[in-house]
Amino acid sequence: MPIHALTRIVAVFITVLIASRTSGILWSSLFWSIAFVHYGLALYYSRHRILAVAKDSSSLVPALIVLSGGAALYVSQFSLLLYFGVHHVFNEVYLLDRKLPAKEAERRRGLRVAAIFLNAAIYAVLLRHYSELAWIGPEFLFVVLLFFYALFFYRLGQLRPVLGVRGMIDGSIFEVFGLLLVLSSFFVRFDLNHIVLYHFIFWSLYPIEKFKRLGDGALWRYAAISLVMVVVFMLFSPAGIAGGAVSESFYYQQFIFWSYAHITLSFVLSDAHPAWITRWFRSDRRQWAVS
């Protein structure tokens with residue numbers, strides 16, 4: 001099985017295991033601790049890119065605009081469900097986009113658009129009971145979902161000659177699992193944090209191949225840092241040894257703040273976004289003339 005597809009499957013099962021085996025304050029503390037590790041490691045491993053953007057005056061101004069926008073969303077308490085939804089969908093789709101053949105630009109674009117709408121529809125259907133989405137009729141959501149499933153697999157089928165069976169599996173495994181989750185949503189009430197936890201778990205597993213290729217103990221350092229950070233955050237979480245001193249409210253407020261900060265920074269630091277965003281923060285981007 002392709003490594004990308006396998007990583008997604010493992011991430012789903014780890015998420016299900018954690019969600020089914022923990023509850024109450026233990027669930028919250030573990031969820032928040034994993035979140036803080038995700039945010040902390042993202043900053044650490046992006047430190048060189050952060051410096052590169054800060055030193056490039058043409059990137060710094062757009063970056064400050066993006067950061068100001070994120071700060072405004074945080075202060076105004078804009079829905080984290082919607083903000084994370086954009087982050088999640090872009091990450092899923094543009095991660096797949098990296099694996100598509102560059103020479104198939106038109107078909108690649110068609111699949112990318114279909115994948116964006118499909119992943120957004122899956123997200124909306126799974127969380128349809130939240131107030132931000134409850135105003136949309138469920139019948140409409142399911143019709144839209146089926147339409148974009150059909151469009152997605154049609155677009156994926158157009159790339160079969162260049163992707164092969166292995167590439168087809170790699171390119172659609174998340175959407176297939178999404179269909180299973182949609183069916184299970186008739187019996188299980190999905191929480192936003194379940195999807196967020198999957199996001200954290202997947203992105204903790206995704207760099208493993210890269211660190212293996214780097215060698216020189218890079219993978220072991222990454223694993224050790226991740227484990228130690230989780231343990232430390234758990235120890236000082238409301239469920240840990242310092243539970244009497246650290247309140248749930250404090251961890252929750254920190255989670256909300258760093259969630260907005262992480263999502264906003266990702267628009268500046270991550271390539272898993274549309275080109276009209278990433279071009280502002282890459283040294284090789286096209287220089288636009290101002291008349």
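A salt bridge here is a side-chain nitrogen of Lys or Arg within 4 Å of a carboxyl oxygen of Asp or Glu. By that rule, Asp271 pairs up with Arg49, with their closest N and O atoms 2.8 Å apart. What you're looking at is a predicted model, where local features need pLDDT of at least 70 and side-chain atom pairs count only at pLDDT 80 or more, while totals for chains, interfaces and linings use all residues. Residues are numbered from 1 along each chain as its sequence is written, and side-chain values use heavy atoms, leaving out hydrogens and water.

**Overall build**

- For 291 residues, a compact globule would come out near 19 Å, and the protein chain's 20 Å agrees with that.
- The C-alpha trace spans about 60 × 50 × 45 Å along its principal axes.

- Buried residues make up 44% of the 291 in the protein chain (buried is under 20% relative accessible area, exposed over 50%, partly exposed in between, with a 1.4 Å probe and protein chains only).
- Among contacts (heavy atoms within 4.5 Å) with a separation of 6 or more, 76% come from residues 24 or more positions apart.

**Salt bridges**

- A search of the whole structure turns up three salt bridges.
- Glu92 and Arg8 form one of them, with closest N and O atoms 2.3 Å apart.
- That pair links distant parts of the chain: Glu92 sits in helix 5 (residues 80–97) and Arg8 in helix 1 (residues 3–21), 84 residues apart.
- Both Glu92 and Arg8 are buried.
- Back to Asp271 and Arg49, whose closest N and O atoms are 2.8 Å apart.
- This pair also joins distant parts of the chain, with Asp271 in the loop between helix 13 (248–269) and helix 14 (275–278), and Arg49 in helix 3 (residues 47–55), 222 residues apart.
- Asp271 counts as partly exposed at 36% relative accessibility, and Arg49 is partly exposed with a relative accessible area of 27%.
- Lys212 and Glu209 form a salt bridge too, with closest N and O atoms 3.5 Å apart.
- Both Lys212 and Glu209 lie in helix 11 (residues 208–214), three residues apart, or about one turn of the helix.

Terms used:
Rg over C-alpha atoms; globule rule 2.2 N^0.38 Å. Helix = DSSP H or I, 4+ residues; strand = E, 2+ residues; numbered from the N terminus.
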